[in-house]
Amino acid sequence: MTQQEALFEYTIRLGDTSLILGHRMSEWCGHGPKLEQDIALINIALDLVGQARSYLEYAGKIEGKGRDEDKLAYFRDERNFKNLLITERPNGDWGHTIMRSFLFDTFHYYFLHELVKSKDEQLAAIAAKSLKEVTYHLRHNSEWVIRLGDGTDESHKRMVDALEELWMYTGEMFDMDEVDQQLIDAGIAPDLSKIKPLWQQKVKEILAEATLEYPSDDAWMQSDGKLKGIHSEHMGFILAEMQHIPRSHPEATW
């Protein structure tokens, strides 16, 4: 694998993860428990889609086959998407969405802190802009995890249930393969094994404040969405909704 091929694959993984989670968050539009929370989640969704656009636009240039961010988002099939599995999990209730976002945001925050140091100037620039947004995402969702976890008996139970269901998807965030290693050696990609202890420490800190028990790090973990494009049953439904209009009118301009 050439460095160009590795960089394309890596950038696709980053773009797909932001795109799918952004789409999931957008599903809350008009359904938030209060207007303020509704708007907050939609703003987060817009941030994520904007990040996805930057990554996918860059991926198209790296590939050099004439595919822009729209072609990559709307005209690839399920097995060609390389997003983290946690991002395609259904929204569930408010607490479930908050927990999913918190677990990912914590990883995303520390990841971007390292990606800004990349020798690839374009990735470093995307990371620098994204970090400002993700800092807010993490603060917002951490506060809600604490509020719900240390709230009523009902809100506490829902957060316990959400954490139990989502925990098995957290290990994949730190999976690496030859793509990562080649780019790590080139000074382009962060070493995820160095990010993991930072993620663990922050998650433990917030869960403790939320009176939630930190699950076992030795628990069995789901994988292969990011590295192999093997997805859950939910992914096909996401793409059917997201890609319907562009595929129905492929020559349309807006």
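**Figure 1. Overall size of the predicted chain.** The chain's radius of gyration, taken over C-alpha atoms, is 18 Å, which agrees with the value near 18 Å for a compact globule of 254 residues, by the rule of 2.2 Å times the number of residues to the power 0.38. Its C-alpha trace spans about 55 × 45 × 30 Å along the principal axes. This is a predicted model, in which local features need pLDDT of at least 70 and side-chain atom pairs count only at pLDDT 80 or more, while totals for chains, interfaces and linings use all residues. Residues are numbered from 1 along each chain as its sequence is written, and side-chain values use heavy atoms, with hydrogens and water left out.

**Figure 2. The helices.** Here you will find 10 helices and 0 strands, as DSSP runs (helices: H or I, at least four residues; strands: E, at least two) numbered from the N terminus.

**Figure 3. The largest nonpolar core.** This set of buried Ala, Val, Leu, Ile, Met, Phe, Trp, Tyr and Cys residues, joined through side-chain atoms within 4.5 Å, has 74 residues; buried means under 20% relative accessible area with a 1.4 Å probe, protein chains only. M99, L103 and V145 touch the most other members, and helix α4 (residues 94-115) gives the most to the core, with 11 residues.

**Figure 4. Around L103.** Have a look at the partners of L103: I86, L163, L166, W167, T170, M173, W199 and V203, not counting residues up to four places away in sequence. Contact means heavy atoms within 4.5 Å. Across the chain, residues 24 or more positions apart account for 80% of the contacts with a separation of 6 or more.

Key:
Buried < 20%, exposed > 50% of the residue type's maximum accessible area, 1.4 Å probe, protein only.
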